Amino acid sequence: MEETRDTSTGGERAGGGPHAPQHRHRVAVLALPGVPPFELGIPSRVFGSVEDAEGRPLYEVVVCTADGEPVLSDAGFVVQPAAGPEALAAADTVILPPTHAMPELAEGGPLPPEVDAAIAGIRPGARLVSICSGSYVLAAAGLLDGRPATTHWNLAPEFRRAYPKVRVDEEVLFVDDGDVLTSAGVAAGVDLCLHMIRRDHGAAAANRAARMCVVPPWRDGGQAQFIDRPVPEPTLASTTATRAWALERLGEPLPLDKLAEHARMSLRSFTRRFRDEVGMTPGQWLTAQRLELAKQLLETTDLSIDLVAHRAGLGSGNSLRAHMKTAFGVSPAAYRRAFSSAPA
């Protein structure tokens with residue numbers, strides 16, 4: 001499971017969960033001058049892969065600009081938008097990819113007037129999302145003040161200086177603060193879009209979208225594993241095989257010494273190597289994987305809460321409730337009511 005920060009309530013969910021009346025959730029992607037094409041294309045590709053059981057698309061994605069005019073991407077070609085700022089006023093979710101043409105934002109400078117006006121026109125209650133340094137645009141608009149957020153790890157020191165009111169965490173792949181979500185650099189935008197699909201329609205829908213995009217439905221660890229720091233010698237043993245082995249045995253006791261023994265390392269070496277590779281401790285990683293398994297069991301089976309906890313390696317139903325409340329802000333029973341696809 002990707003390392004994230006999720007401070008959403010776990011109650012109301014954009015899109016309403018799979019039992020809500022189906023309508024195409026409107027996603028507006030605001031293309032600004034200097035937008036990188038990869039990040040610009042992520043929402044269309046990922047959300048465009050989501051369908052209901054009858055094969056109907058669940059999201060409608062439109063690329064717009066602040067004034068309806070074409071913008072020049074940072075790859076040198078022009079992006080012709082399908083709409084102007086009116087798309088923001090109609091959107092359920094607004095996504096801001098990065099811009100490499102507004103250096104003043106790195107100093108905490110103001111947004112260009114047309115961009116400021118476009119963002120001011122976003123419908124109240126819409127979900128706001130940034131990919132990579134698109135967080136600068138949200139911050140410059142004052143929409144991240146006092147809130148947790150992330151951005152590319154390499155930009156974190158600069159971002160803190162420019163926007164001291166934002167609580168920056170550069171070690172996670174994304175931060176979900178309910179109605180405002182921010183992701184780390186580049187491909188973390190894919191992780192965040194898949195997370196939103198899980199939040200809207202459950203893990204099964206997100207897994208199908210991930211398969212269509214040929215990407216993992218979640219990534220181990222967080223941004224910490226990519227931060228520029230001394231790395232272990234490539235000749236040293238890896239914990240990859242042990243992680244794969246553990247994933248097949250999540251319902252069994254997996255104490256640290258057993259993991260280290262499988263990896264043929266000392267406890268100290270295994271713990272250090274694991275954190276270098278994954279960006280979290282073995283215990284944190286195991287809990288995250290077990291919670292992911294528990295969510296899948298809650299969605300796809302009618303097993304009791306106690307049995308789900310047992311099969312996921314989380315002990316008792318009370319333990320599962322405590323873990324889910326801490327991680328997701330929701331109880332197992334409430335999660336099952338929202339996302340269960342098991343026969344009644």
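Predicted model: local features only at pLDDT ≥ 70, side-chain atom pairs only at ≥ 80, totals over all residues.
Residues are numbered from 1 along each chain as its sequence is written, and side-chain values use heavy atoms, with hydrogens and water left out. Local features need pLDDT of at least 70, and side-chain atom pairs count only at pLDDT 80 or more, whereas totals for chains, interfaces and linings use all residues.

Helices are DSSP runs (H or I, at least four residues) numbered from the N terminus. Helix 8 (residues 240–247) and helix 11 (residues 282–300) cross at roughly 40°, and their axes come within 11 Å; axes are lines fitted to C-alpha atoms over the stretch in contact, and angles run from 0 to 180 degrees between N-to-C directions. In this pair, Arg-243, Ala-246 and Leu-247 of helix 8 meet Trp-285, Leu-286 and Gln-289 of helix 11, contact meaning heavy atoms within 4.5 Å.

Helix 11 also packs with helix 13 (residues 317–328), at an angle of about 105° and with the axes 11 Å apart. The two helices are therefore roughly perpendicular to each other, a term covering angles of 65 to 115 degrees. Helix 11 contributes Thr-287, Leu-291, Ala-294, Lys-295 and Leu-298 to the contact, and helix 13 contributes Leu-320, His-323, Met-324, Ala-327 and Phe-328.

Just after helix 7, Val-214 adopts a positive phi of about 55°.

Key: Parallel < 35°, antiparallel > 145°, perpendicular 65-115°, else oblique.
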